[in-house]
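Hi,

Here is the structure I promised to pass on to you.

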Amino acid sequence: MLITTGDRETPAVLERAQNLAALTGATRVPRGRTSLAKLAERYGDGDILVVMEQGVRLHRAGQEPLTFHPSMGFVRAKRLLKGESDAMLEAARAAPGDFVIDGTAGLGSDASVFAVAAGPGGRVLALEDSFPLWALLQEGLKHYVSGLPEFDAALRRIETVHGNHLEVLRGMPDKSADIVYFDPMFRHPLEDSSSISPLRTFANAGSLSAEALREACRVARKTVVMKEQKGSGEFARLGFETSARAHTKIAYGVIALDHK
């Protein structure tokens with residue numbers, strides 16, 4: 001993967017690009033007035049992460065670019081800060097001070113809601129298997145500005161790890177987290193989720209494995225939660241109890257560990 005800057009290469013943007021390249025080990029290349037297509041051709045790499053003054057964007061040759069944004073996570077977080085409930089948090093029985101592992105972080109939308117709920121005394125660890133997506137997530141969480149200080153502070157508290165959730169969970173002690181959460185790519189995409197389409201280009205499309213679920217149940221103290229479409233056969237396949245609200249197309253499967 002290449003890391004470069006937008007058309008306006010200010011000192012601050014250049015420093016961010018250099019820091020991200022040092023952190024990820026990706027190759028930083030000067031932009032100048034060179035098109036992204038020519039950069040890809042010149043360096044033989046079609047994945048290019050572009051650091052900009054107002055954000056960060058991931059490009060892959062022939063695909064729609066993916067810009068970091070918290071999506072519905074921001075809307076849900078605002079509601080949460082107003083005292084409203086959230087179906088995911090209710091299913092997970094999340095509480096202030098919790099240690100939450102998001103095993104399929106993506107753009108961190110759900111992780112951001114968990115971070116708000118866990119508060120400054122909690123911890124959210126976001127795992128992402130895709131290297132380009134992890135780099136985008138790392139940069140976005142560190143620099144995205146929503147205009148809501150409490151939300152931005154929650155983003156900064158999220159820790160990211162590039163790795164497969166099964167391998168990461170295998171290396172963790174028993175009962176070392178409160179909640180382990182999964183949002184694997186839906187087996188059948190929702191027709192109205194066009195905002196997720198660019199994410200599918202980069203994300204791991206694999207379903208949750210029974211082995212990963214066993215590791216999650218070993219690591220979690222309270223709950224293991226999976227998000228899927230309402231009525232999905234994945235819940236029965238993996239042994240989740242389902243929790244869903246009316247008038248929504250998604251549901252949360254829950255395994256309550258402290259009730260066993």
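Below are some notes on aromatic pairs and on one helix.

This is a predicted model, so to speak of local features I kept to pLDDT of at least 70, with side-chain atom pairs counted only at pLDDT 80 or more and totals for chains, interfaces and linings using all residues. Residues are numbered from 1 along each chain as its sequence is written, and side-chain values use heavy atoms, leaving out hydrogens and water.

Aromatic pairs are rings of Phe, Tyr and Trp (its six-membered ring) with centres within 6.5 Å; planes under 30 degrees apart are stacked, over 60 edge-to-face, and the rest tilted. That rule gives four aromatic pairs. One of them is edge-to-face because the ring centres of Phe-74 and Phe-151 are 5.2 Å apart, with the planes at 65°. Phe-74 sits in helix α3 (residues 72-81) and Phe-151 in helix α7 (residues 149-157), 77 residues apart; helices (H or I, at least four residues) and strands (E, at least two) are DSSP runs numbered from the N terminus. Both Phe-74 and Phe-151 are buried, meaning under 20% relative accessible area with a 1.4 Å probe, protein chains only.

Phe-114 and Tyr-181 also pair edge-to-face, at 5.3 Å centre to centre and 65° between planes. Phe-114 belongs to helix α5 (residues 109-118) and Tyr-181 to strand β9 (residues 177-182), so this pair ties together parts 67 residues apart in sequence. Phe-114 and Tyr-181 are buried too.

As for helix α6 (residues 131-143), its buried residues include Trp-134 and Glu-139.

Best wishes

Note on methods:
Buried < 20%, exposed > 50% of the residue type's maximum accessible area, 1.4 Å probe, protein only.
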